[in-house]
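Visitor: Could you take me through the charged side-chain pairs in this one? I'd like a close look at how they are placed.

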Amino acid sequence: MPVSTVAALAALAFAALLSILDASAVLALPEGVLRTFRWLAIATVVGVAVKRRSLTTWILVSMVVGAEIGHDFPTVATQLRLLSQIFLRLIKTIIAPLIFATLVVGIAGHANLRQVGRMGVKALIYFEIVTTFALLIGWGAITVSRAGDGIVLPTSPEQAALPSQAPRTWQDTILHVFPENIAKTIAEGEVLQLVVFSVIFGVALAMIPEKKRRPMLDLANSLAETMFKFTSVVMLYAPIGVGAAIAYTVGHMGIGILANLAMLLATLYVALIVFILCVLLPAALIARVPLRRFALAVAEPCSIAFATTSSEAALPRAMESMERLGVPRQIVAFVMPTGYSFNLDGTTLYLSLASIFVAQAAGIEMTIGQQFTMLVTLMLTSKGVAGVPRASLVILLGTLSSFGLPVEPVFIILGIDELMDMARTATNVLGNCLATVIIARWEGEFQETPEVAPAAV
C-alpha cells in the first residue's frame with residue numbers, strides 16, 4: 001500500500017478517534033477543533049483519490065465526505081437527496097433493457113438449451129442451500145443477543161409512517177411471479193416477472209429458424225452492449241450520487257440514533273460477517289474462486305449497494321465486473337438476475353433476525369415450530385425485493401400481521417433500517433456475484449485468464 005494512502009487512512013482514523021473520545025467524555029475538545037481535524041483528514045483522503053483516479057476510490061471517499069456533511073450540516077444534507085435520487089433513476093432505466101437483452105442473448109444464443117435448464121437447476125439448488133444458512137444464522141444471532149429484550153414499546157405510533165401490506169397467500173406468491181403486462185412489469189420494477197418473460201422470450205426465439213432468429217438476436221446483443229456503455233457513462237456520476245445518499249442518511253437520522261439500537265445493529269453486522277466467513281468464503285474456496293481477483297471485481301458493486309441500499313443500482317456494474325473476471329456472458333445474464341430474486345442472502349438473514357426481534361420486543365415467546373414457520377414464510381415472500389430500498393419492511397409487516405404479532409416494534413427498527421439496509425444489500429450483491437462465479441465453475445466455463453482484466457480499484 002502506498003505511503004500516501006497509509007498516511008491518509010491514519011489521519012482519518014486519528015480524527016475519528018478524537019471524535020469518539022470526545023463523545024465518550026474521555027477527552028474534552030471544542031467542536032470547532034474536532035471538525036477541523038476531521039476535514040483535514042478528509043482532505044488528505046481526497047488528495048490520495050485525485051492521484052489514484054479510481055472510480056471505486058472516489059465512491060469510498062464520497063461516502064466519507066457525505067457522512068461528514070450529514071453530521072456537520074444536517075440541514076444542508078437533507079436537501080441533497082435530490083442528487084442521490086437522480087443517480088438511482090438513471091440506474092433504474094438500465095435494469096429492464098439490460099436484463100431482457102442479456103437473458104435473451106444468453107438463452108437464444110446458446111447452442112444447447114438443455115445446458116440452460118441444467119444451469120438453472122444448479123443455480124436454484126445453490127441459492128436454496130445458501131439462503132437457508134443465512135436464515136439460520138440470523139435466527140441464531142438474535143436468539144443469542146436477545147437484542148429485543150427490555151424494550152418499551154411506543155404507546156401511540158404513527159401508523160402512516162409505515163407502508164401497509166396485506167398478507168399474501170402462497171397462491172398469491174406464486175401468481176405474482178408471472179407477468180400480466182410487460183409494460184406494467186417494467187414500470188413497477190418487478191425483476192422476477194421480467195426474468196420470467198425474458199426467459200420464455202429467449203426460449204421461443206431459440207425455437208425459430210436461424211434466418212428469422214438472427215436479426216432479433218443481433219438486436220438484443222447490440223442492446224446489451226449499449227446498456228453496458230450506458231452504465232459506464234452513468235457511473236461517472238456515482239461518487240456524487242453515493243455521497244449525497246450517505247449525507248442524507250446521516251443528516252436525516254443523526255449519529256445519536258444508534259444509542260438505543262446499538263445491540264440490534266451490532267447483531268446484524270456480526271451475523272452478516274459470520275455468514276460471509278462461514279458460508280460464502282468456504283463456498284468460494286471449494287469452488288476454487290480466485291479470491292484476490294474476485295475481491296477487486298466486487299469492491300465497486302458492493303460499495304454502490306452499501307451506499308444506495310439498492311441492489312438494482314449495483315446490478316449493471318456487477319454484471320460487467322463478473323464478465324471481466326472471466327464468467328461467460330450467458331452465465332452472468334442468467335444467474336445474476338435470477339439470484340436477485342432467489343438468492344437474497346442479506347435480506348433473508350435480516351428478515352429472520354428482525355422477525356424474532358419483534359417477538360422479543362413485544363414480550364411474546366414463540367415456540368421453535370412457530371418461529372421456523374414464520375422464517376420460512378419470510379424467505380418465500382421476500383423473493384424479488386432486492387432492487388427496492390427497504391422493501392423488506394413491507395414484507396416484514398405483512399408476515400408479522402399474518403402471525404398475530406404487533407407491528408409497533410417495527411417503528412424501532414425503522415429508526416436504523418437505512419444503516420441495516422446498507423449491510424444486507426451489500427451482502428446480497430456479494431452473494432450473487434459469488435454465485436455467478438461458482439455456477440460458471442460448476443459448468444466448467446470459468447475463464448482463468450479472461451480477455452479483459454478486472455477493473456482496477
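Guide: Let's start with the term itself: a salt bridge here is a side-chain nitrogen of Lys or Arg within 4 Å of a carboxyl oxygen of Asp or Glu. Keep in mind that this is a predicted model, where local features need pLDDT of at least 70, side-chain atom pairs count only at pLDDT 80 or more, and totals for chains, interfaces and linings use all residues. Residues are numbered from 1 along each chain as its sequence is written, and side-chain values use heavy atoms, with hydrogens and water left out.

Searching the whole structure turns up 15 salt bridges. One of them pairs Glu-180 with Lys-184, with 3.0 Å between the closest N and O atoms. Glu-180 counts as exposed because its relative accessibility is 69%, while Lys-184, at 37%, is partly exposed.

Helices, by the way, are DSSP runs (H or I, at least four residues), numbered from the N terminus. Arg-38 is buried, at a relative accessible area of 9%, and Glu-68 is buried too, with 9%. There's a network here as well: salt bridges link Arg-35, Arg-38, Glu-68 and Asp-72.

Next comes Glu-300 with Arg-317, a salt bridge whose closest N and O atoms are 2.6 Å apart. This pair links distant parts of the chain, with Glu-300 in helix H13 (residues 291-308) and Arg-317 in helix H14 (residues 311-325), 17 residues apart. Both Glu-300 and Arg-317 are buried.

Glu-443 lies in the segment after helix H19 (408-442), and its side chain makes a polar contact with the side chain of Lys-122 at 2.8 Å. A polar contact is a pair of N or O atoms within 3.5 Å; within protein, one must be able to donate a hydrogen and the other to accept it, and residues adjacent in sequence count only if both atoms are side-chain atoms. Glu-443 counts as buried because its relative accessibility is 12%.

Technical notes
Helices (H or I, at least four residues) and strands (E, at least two) are DSSP runs, numbered from the N terminus. Buried means under 20% relative accessible area, exposed over 50%, partly exposed in between (1.4 Å probe, protein chains only).
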